[in-house]
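Please look through the sequence and the model shown here before reading on.

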Amino acid sequence: MSLFDTISADIKSAMLARDKVRLEALRGVKKEFLEAKTAKGGDGELADDVAQKILVKMVKQRKESADIYTQNNRPELAEAEMAQANIIAEYLPKQLSEEELTAALTEIIAQVGATSAKDMGKVMGVATKQLAGKAEGKAISAKVRELLA
């Protein structure tokens, strides 16, 4: 079952359960998926890896919005955004722990042959492709900088 089909099925269950927060979050996801499917140059299909990238982007957007709401003293809006971010994140692969991320990045650094901070671009290029959806870009970048220092 593709990610698109899973989301569609979960929308139905959220409707039956009258779970408004989950329903709103999943409808937003389906909207993004449909837009990607029908985008110019698309073939009408949505591969799971593309769907994952969309989910990562949506979670990131929700977290950034929550931060802005928190800064502007709007905790009720921040809570709503974080609730949606958590629901969307359920459909992403399990995030790597700190130790797993360090191990994966150490291996990538060895593969690329990076020795200093000047090689960060090479490492980041490989790391973001291999760890897509498994770790946030900020976390990857911070850890690569730490390991190359």
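Alanine 66 lies in helix 3, which covers residues 48-71; helices here are DSSP runs of H or I with at least four residues, strands are runs of E with at least two, and both are numbered from the N terminus. The model is a predicted one, in which local features need pLDDT of at least 70 and side-chain atom pairs count only at pLDDT 80 or more, while totals for chains, interfaces and linings use all residues. Residues are numbered from 1 along each chain as its sequence is written, and side-chain values use heavy atoms, with hydrogens and water left out.

With a relative accessibility of 3%, alanine 66 counts as buried, where buried means under 20% relative accessible area, exposed means over 50% and partly exposed lies in between, for a 1.4 Å probe and protein chains only. When residues up to four places away in sequence are not counted, alanine 66 touches Ala78, Glu81 and Met82, a contact being heavy atoms within 4.5 Å. The C-alpha atom of alanine 66 is separated by 9.5 Å from that of glutamate 76, which is ten residues apart from it along the chain.

One of the residues that alanine 66 touches is glutamate 81, which is found in helix 4 (residues 75-89). Is glutamate 81 buried or exposed? Its relative accessible area is 18%, so glutamate 81 is buried. Leaving aside neighbours within four places in sequence, glutamate 81 is in contact with Arg62, Ser65, Ala66 and Tyr69. In the loop between helix 3 and helix 4 sits asparagine 73, whose phi is near 60°, a positive value in a residue other than glycine. Asparagine 73 is exposed, and its relative accessible area is 66%.

The chain also has a loop between helix 1 and helix 2, and arginine 18 lies there. Arginine 18 has a phi near 55°, again a positive value in a residue other than glycine, and with a relative accessible area of 73% this residue is exposed.

The contact is made by Leu3, Phe4, Ile7, Ser8, Asp10, Ile11, Ala14 and Met15 of helix 1, together with Arg22, Leu23, Leu26, Arg27, Val29, Lys30, Phe33, Leu34 and Lys37 of helix 2.

Within the whole structure, a search finds one aromatic pair. The rings of phenylalanine 4 and phenylalanine 33 have their centres 6.4 Å apart and their planes at 35°, so the pair is tilted; rings of Phe, Tyr and Trp (its six-membered ring) pair if their centres lie within 6.5 Å, and planes under 30 degrees apart count as stacked, over 60 as edge-to-face and the rest as tilted. This pair links distant parts of the chain, with phenylalanine 4 in helix 1 and phenylalanine 33 in helix 2, 29 residues apart. Both phenylalanine 4 and phenylalanine 33 are buried.

Arginine 22, in helix 2, touches Ala14, Ile87, Glu90 and Tyr91 when residues up to four places away in sequence are not counted. Between arginine 22 and alanine 78 there are 56 residues of separation in sequence and 16 Å in space, taken C-alpha to C-alpha.

Further along, the axes of helix 5 (residues 98-112) and helix 7 (residues 137-148) come within 10 Å and cross at roughly 60°, and the two helices are therefore oblique to each other. Glu98, Leu101, Thr102, Leu105, Thr106 and Ile109 in helix 5 meet Ala139, Ile140, Lys143, Val144, Leu147 and Leu148 in helix 7.

Taken as a whole, the protein has seven helices and zero strands, and its C-alpha trace spans about 55 × 45 × 30 Å along the principal axes. Buried residues make up 33% of its 149 residues. Of the contacts with a separation of 6 or more, 57% are between residues 24 or more positions apart.

Definitions and conventions: Axes fitted to C-alpha atoms, helices over the stretch in contact; angles between N-to-C directions. Parallel < 35°, antiparallel > 145°, perpendicular 65-115°, else oblique.
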